[in-house]
Amino acid sequence: MSLIIITQGKDVSSWVKALKEKRPDLALSVYPDVPDAAAVEGAIVWNHPLGVFKEFPNLKWISSMGAGVDHVLKDPELPEAAVITRITDENLTNDMATFTLALVLNHLRGLSFYKVLEHQQTWKRKRYQRIEETTVGVMGTGVLGAAVARLLKQTGFNVNGWARTPKDLDGVKVYVGEKELSDFLSRTDVLVCLLPLTKETRNILNKRTLEQLPQEAFVINVARGEHLVEEDLIEMLDKGHLSGASLDVFRQEPLPQDHIFWKHPKINITPHIASVTDPNTAVNQVLDNYDRLQNMEQLLNVVSLTKGY
Ligand code: NAP
């Protein structure tokens, strides 16, 4: 049995190093350099070339290199027999929680706003909202969303969540499903999107949903660019309904040079950096699943093909 790493345009040397350090005898190849395609039973992937899996007739397991699996599931030629898993990792979770907290505080205390004024050598103060006066609504209270919600709650924010199924989440009220979405949105000063990208959640941040946020609400998208209808966000910002947005993810990455978001005064941009998988810790669960596969045991962090996450 061998493992293969399949990506496009990604430097995977740190993955190879971490896997080899922990398991020197591991049979590992990096696509497209494949000595024996028939021996490959597991693939570790990020943005693989669509259709590539049919080159591996005995593939049993596909592991995403990150928390998201939309890049895997969009392949129309997924092998039916393969189990798909993803990474859930303490570092990944903590990084997302602290980054989102930083974005919310940046908004509340206007740090980006003052950076612009600093460049203009302008002394101007604006009113600020306190933590305890602010309700943050976290869309998606899974591994990452729940950690974000907990940290914001500990920091003193009022926090609500929104998920597909009911949750008991440390004093955070979790609204459930389409029927409670309006109530959730209408109580949200700062909206954080941490949904997986599925056919139900694609374009979920649109004019109809953004309009239901209170006047002057702020939007943070740290999930996937395809959750957001870009022109609807611009319209809501330009007519003053929303006070601003912090975006870490985009429909096209890197964000094209001529994209309207770059110069929009109410949009803060970060380059998909909220939380990045650390191969040194992530390989432990990849190797754990590798052992489980060999021992014919249930794999960990299995993705539901029906739910799409
Ligand atoms: P997860 O554990 O699978 O959690 C997903 C959450 O979304 C769950 O609470 C789920 O509800 C909810 N959900 C899914 N579909 C829904 C729907 N139709 N309506 C309402 N709620 C819905 O995912 P995760 O590990 O937290 O990761 C979330 C996403 O973050 C990833 O998919 C990835 O795209 C993104 N991400 C971004 C970065 C970055 O650097 N920017 C890094 C890592 C991950 P239930 O709990 O009821 O199932």
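Predicted model: local features only at pLDDT ≥ 70, side-chain atom pairs only at ≥ 80, totals over all residues.

**Around the ligand**

- In total, 29 residues surround the ligand, and the closest are R86, L144, T165, K167 and Y309.
- Helix 5 (143–155) and strand 7 (158–163) each give at least two residues to this shell.
- Which element supplies the largest share of the shell? That is helix 5, with three residues.

- G142 places a backbone N or O atom 3.0 Å from an oxygen atom of the ligand.
- R224 takes part through its side chain, where a polar atom lies 3.2 Å from an oxygen atom of the ligand.
- V222 uses its backbone: a polar atom there is 2.9 Å from a nitrogen atom of the ligand.
- On its own the ligand would expose 950 Å², and the protein buries 93% of that.

**The nonpolar cores**

- The largest nonpolar core has 50 residues, and L19, L152 and V222 touch the most other members.
- Helix 3 (residues 90–109) contributes the largest share of this core, eight residues.
- Apart from this core lies another one of 28 residues, including F184, C193, L195 and L228.

- Look for V192 in strand 9 (residues 190–193).
- Is V192 buried or exposed? Its relative accessible area is 0%, so V192 counts as buried, the cut-off being under 20%.
- Setting aside residues up to four places away in sequence, V192 touches T100, V136, G137, V138, M139, I220 and V222.
- V192 and Y175 are 17 residues apart along the chain, and their C-alpha atoms are separated by 14 Å.
- T141 sits in the loop between strand 6 (135–139) and helix 5.
- With a relative accessible area of 6%, T141 is buried too.
- Beyond its neighbours within four places in sequence, T141 is in contact with A146, G161, W162, A163, K167, L169 and V174; of these, K167 is also one of the closest residues to the ligand.

Methods: Residues numbered from 1 in each chain as written. Heavy atoms only, no water. Core = buried A, V, L, I, M, F, W, Y, C linked by side-chain atoms within 4.5 Å. Buried < 20%, exposed > 50% of the residue type's maximum accessible area, 1.4 Å probe, protein only. Helix = DSSP H or I, 4+ residues; strand = E, 2+ residues; numbered from the N terminus. Near = heavy atom within 4 Å. Polar contact = N/O pair within 3.5 Å; in protein donor to acceptor, adjacent residues only side chain to side chain. Areas by Shrake-Rupley, 256 points an atom, 1.4 Å probe, with all protein chains shown as cover. Contact = heavy atoms within 4.5 Å.
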